[in-house]
Amino acid sequence: MLQKPESGALPIPQAEREMDGSHDGETQALTASQEMAPSPLLQESHEEDLGAVREEGATEPCLTPKGARALAAKTLARRRACRRLDRTVAELVQFLLLKDRKKSPITRSEMVKYVIGDLKDLFPEIIARAAEHLRYVFGFELKQLDRKHHTYILINKLKPIEDEEEALRGDGPRLGLLMMILGLIYMKGNSAREAHVWAMLRRLGVRPSKYHFLFGYPKRLIMEDFVQLRYLNYRRVPHTNPPECEFSWGPRSNLETSKMKVLGFVAKLHKKEPQHWPVQYREALADEADRARAGASVRARASTHPW
């Protein structure tokens, strides 16, 4: 998810680097349960980053102006490094998906040469985060095929939708993308501005209006398929100038999934429990209770009037 998010081209190959020492951390990174950095679903914007810097400075009332500037510069540098790491993870996901089309093993040296570059010391963390996104967003399991030669393969793990009439049956990547959008909508209070959806796609390494080998044209997929099939609602936001539009869950999403399932999806992406977001968790519990009552009412009517 190689196309770089901004340039749309393969990174320029860097000089081949020697692979020295063992890399058992790769295996541990793929198998161990470890804390993951924020996924593209809930990342902050650049403006929020700057606000966070101001907040950090505000917690140090005794700082001199020079000290405050130094603290702000240090914080921004740290956040830039985090954003670079996020971009590298997104690029690696795209690279692995592209390589998988040839159904040939993917080597660590290829990943370092074409994507990771001078961040190779962070390879275990990068590969672990890429594996999480491949699993939960695209439905692929990243497996280490050969520890000695550091080769990997992708295995399709996402179960197809049961109903044969479902439009997304068997289409793991499109289903994963829809779940990402539903998660974003839910976490933002049950509606998400159109610009926020496109920004999330870019953080995944997917450009909305550019052809993608898994999704076709993502913007067209969302507007013509997800909206027309009633997975998503799309409407103009009242009293906005310039005009803005937003997405919300469509009736088909409400029928085929639930807030608790989507919150569970988000929690997996972030290596947390659903209770980590108390507001959304309480709302999901209430939704589950409403669904249970509605189901009980339907069953009661059916038993009273079996015809």
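This is a predicted model: local features need pLDDT of at least 70, side-chain atom pairs count only at pLDDT 80 or more; totals for chains, interfaces and linings use all residues.
Let me start in helix 11 (residues 278-304), where the side chains of D287 and R291 meet in a salt bridge with an N to O distance of 2.9 Å; by salt bridge I mean a side-chain nitrogen of Lys or Arg within 4 Å of a carboxyl oxygen of Asp or Glu. Because they are 4 residues apart in helix 11, D287 and R291 are separated by about one helical turn. In general, an α-helix has 3.6 residues a turn, so residues three or four places apart point the same way. D287 is buried, with a relative accessible area of 15%, whereas R291 is partly exposed at 31%; buried here means under 20% relative accessible area, exposed means over 50%, and partly exposed is in between, with a 1.4 Å probe and protein chains only.

Residues are numbered from 1 along each chain as its sequence is written, and side-chain values use heavy atoms, with hydrogens and water left out.

As for the overall picture, the protein has 11 helices and 6 strands, these being DSSP runs numbered from the N terminus, with helices taken as H or I of at least four residues and strands as E of at least two. Of the 307 residues, 43% count as buried. The protein exposes about 17100 Å², of which carbon and sulfur atoms supply 53%, and these areas come from the Shrake-Rupley method with a 1.4 Å probe.

Coming back to the charged pairs, the count comes to 13 salt bridges. One of them is between D86 and R129, whose side chains meet at 2.5 Å, N to O. This pair links distant parts of the chain, since D86 sits in helix 3 (residues 65-100) and R129 in helix 5 (residues 123-138), 43 residues apart. D86 is buried, with a relative accessible area of 16%, and R129 also counts as buried, at 4% relative accessibility.

Helix 5 also supplies E132, which forms a salt bridge with K271, the closest N and O atoms being 3.1 Å apart. Here too the pair links distant parts of the chain, 139 residues apart, with K271 in the loop between helix 10 (259-269) and helix 11. E132 counts as buried at 8% relative accessibility, while K271 counts as partly exposed at 27%. Salt bridges that share partners join E132, R135, E141 and K271 into one network.

If we leave aside its neighbours within four places in sequence, I222 is in contact, meaning heavy atoms within 4.5 Å, with I181, V197, W198, L201, V227, L232 and F247.

M111 brings us to helix 4 (residues 108-116), whose buried residues are R108, M111, V112, V115 and I116. They cover an arc of only 110 degrees around the axis, which puts them on the same side of helix 4, the arc being that of the directions from the helix axis to the C-beta atoms. Just after helix 4, G117 takes a positive phi of about 60 degrees.

N190, in the loop between helix 6 and strand 4 (192-193), has a positive phi near 80 degrees and is partly exposed, at 29%. Finally, a cis peptide bond with omega of about 5 degrees joins N241 and P242, and P242 lies in the loop between strand 5 (232-236) and strand 6 (245-249).
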